[in-house]
Amino acid sequence: MSVSDYVSITALVVSVLALGISLLRNRWMSKQLKLSSAISVVDWLEAARPDRLKLYKVREEKKPFNQWSEDEKTAANNITRKLDILGLLDSLGYLDQRFVDRFYAIPAKEVFEICRDWLNDERTRRGEQHLWEFQQLAQRIEAVKDNHPALAKTEHWQILERGNAPNTR
């Protein structure tokens, strides 16, 4: 082999190594970005915890929607709008579904059930598209609570691939 062949092979090896390092770095950066996004989502949704607690109280009292106070309706509006955005981010793949399922699936499903009549009332004025992403999220996560390791008496979450319903990771 000639010197130019060695140079070509060396250049090829260096290029392949650089590509590999670049791919690993991009994967690491992507994971860090998802982590940062998850932390931001937690902060954002935890700010709405008082609204969620108001709705849990409505559920405990078995208060029919037609008896909700304006404060309770405002709480429903605040938390469902945030969960609608969570549903959009989830469906577009901006958030790891395992994160959404483990941290927000159960409260999201509970809020959806509590707010069903409120949501139907809102849709009479705003249209069927109102809070549609929240409804899709509630449908996707429907079985998460039943498959929670603490309730299913298992040590680990069942893992399903994206697109398989229900996602119980």
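Which element gives the most to the lining of the largest cavity? Helix α4 does, with three residues.

The model is predicted, with local features needing pLDDT of at least 70 and side-chain atom pairs counting only at pLDDT 80 or more, while totals for chains, interfaces and linings use all residues. Residues are numbered from 1 along each chain as its sequence is written, and side-chain values use heavy atoms, without hydrogens and water.

**View 1. The largest cavity of the protein.** A cavity is a set of points on a 1 Å grid over the protein atoms alone where a 1.4 Å probe fits but cannot get out, and lining residues have an atom within 4 Å of a point. The space in the largest cavity is about 40 Å³. Its lining consists of Leu-45, Arg-52, Ile-79, Leu-83, Tyr-104, Pro-107 and Ala-108. At least two of the lining residues come from each of α3 (70-91) and α4.

**View 2. The largest pocket of the protein.** A pocket is an open set of grid points with protein on both sides within 12 Å along at least five of seven lines. The volume of the largest pocket is about 370 Å³. Residues lining the largest pocket include Arg-27, Trp-28, Tyr-94 and Phe-99. Two or more lining residues come from α1 and from α4 (97-126), and α1 gives the most, with seven.

**View 3. Residues 160-169.** Over this stretch pLDDT, the predictor's confidence in each residue from 0 to 100, stays under 50. Where pLDDT is low, the predicted coordinates should not be read in detail. The protein as a whole averages a pLDDT of 87.

Methods. Contact means heavy atoms within 4.5 Å. Grid points are joined across faces, edges and corners, and a volume is the space filled by probe spheres set on the points. Helices (H or I, at least four residues) and strands (E, at least two) are DSSP runs, numbered from the N terminus.
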